[in-house]
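This report considers a predicted model.

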Amino acid sequence: MTIPVVLVAGFLGAGKTTLVNEMLRRPDGRRIAAVVNDFGAIDIDADLLRQSSDGVVSLRNGCICCSLQGDLMRTLATLIRRQPPPDAIVIETSGASDPAEIVRSLLDPVVYAATPLETAVTVIDARHLADRPALFDDPLWRSQVASADICVLAKTDLVDEAGLAALRAVLARFKAQHLIVDAGDHLSPTRRFFSENEPRVRAPSKGSMPQAADERFETQSWSSERPVVLAAFQSAVARLAPFLLRAKGVVTFTHEPGRPMLFQLVGSRATIVPAQTGPMDRGGARLVLIAERGRLDWEDAARLLDASVDIEPIRSAPSRRVDRH
Ligand SMILES: Nc1nc2c(ncn2[C@@H]2O[C@H](COP(=O)(O)OP(=O)(O)OP(=O)(O)O)[C@@H](O)[C@H]2O)c(=O)[nH]1
């Protein structure tokens, strides 16, 4: 028995979970298991995906291209033995991962015989690239794009037409145009990536090896059992954003304590939208922050976030936890 695999990679906050969610919501008749790798200690992505499917396995607190590679292979072996087994597996890497390493492991003949890699997909964040063209020179971003059979251009709705045309012209230097598809087009990503065609023939990706994720990025999680004050939280985020690459989490605010909100920060763009109830609905707040190593004073970050916690009516120190690696 063989179970085809789709690998979804892309830079921090590019739109990977959004794409995988779309596959789980529109499975095209397949029973899809998702394996999701969160770089941080809190599995926000797994929670987001569990709202669409219960077949979600979380590998967190490390990176499946380095420290968790063995865990990924063991997880695939376990999924094959599951009763009933899934028809298809989607692996979402963390934004800090170099998929070239993972593709190499998946192409190992023994692994490939049971779980053949059907498509390596890399999500590209149009908005982030338009704001920060230096990303084109980033070795990790380049390796993510080079490793992909198909790239998905996300957040095209956040860039104007002229900006998009300029972006596509530069992207054409990295990937043939027909291999870059729009996230917003109407073809189901499940159908597109789990093709019925012959397996793809891949050339090993060349180029300089990006730094190991753990050497380049660091992450800290912060949580509070109490809700936070919106204005103070916004001001903490505004202070921290210039030093962060990515932050996400579920936060409840004092003015609506029964309504958990999903907070996302990618580059300088922050959004706060209602979180689905279910696994995320735990009250209080929990966040994952990711930065280039040495960029952020983490004690300062924790202090700023602590200051946003509501300490009324008990007037005691906020009850919070900080984990860092
Ligand atoms: N406007 C817009 N927002 C998008 C699109 N795709 C994703 N987003 C938003 O971008 C933010 C990050 O999306 P995710 O799907 O969580 O990104 P990710 O790549 O999984 O993030 P990490 O796993 O942390 O690296 C979220 O706020 C999404 O709602 C898009 O096509 N358009």
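The shell around the ligand divides into 6 nonpolar, 8 polar and 6 charged residues. In this classification Ala, Val, Leu, Ile, Met, Phe, Trp, Tyr, Cys and Pro count as nonpolar, Asp, Glu, Lys and Arg as charged, and the others, Gly among them, as polar. Altogether 20 residues surround the ligand, and the closest are Gly15, Thr17, Thr18, Gly95 and Gln264; a residue is near the ligand if its C-beta atom, placed from the backbone, lies within 6 Å of it. Helix 1, strand 9 (246-251) and strand 10 (261-266) are the elements that give two or more residues to this shell, and helix 1 provides the largest share, 3 residues. Helices (H or I, at least four residues) and strands (E, at least two) are DSSP runs, numbered from the N terminus.

Residues are numbered from 1 along each chain as its sequence is written. As the model is predicted, local features need pLDDT of at least 70 and side-chain atom pairs count only at pLDDT 80 or more, whereas totals for chains, interfaces and linings use all residues.

**Domains**

The protein is divided into domain 1 (5-193) and domain 2 (213-324), with bounds that come from an automatic or database domain assignment. Each of the two domains contributes at least three residues to the shell around the ligand. The centres of domain 1 and domain 2, taken over C-alpha atoms, are 25 Å apart. The contact between them takes 22 residues from domain 1 and 20 residues from domain 2, where contact requires C-beta atoms, placed from the backbone, to lie within 7 Å. On the side of domain 1 that touches domain 2, helix 2 (44-50) and helix 6 (126-131) each supply at least two residues. The residues of that side comprise 9 nonpolar, 7 polar and 6 charged.

**Backbone features**

The peptide bond from Gln83 to Pro84 is cis, with omega near -5°. Pro84 is located in the loop between helix 3 (69-81) and strand 4 (88-92).

Terms used: Two residues are in contact if their C-beta atoms, placed from the backbone, lie within 7 Å.
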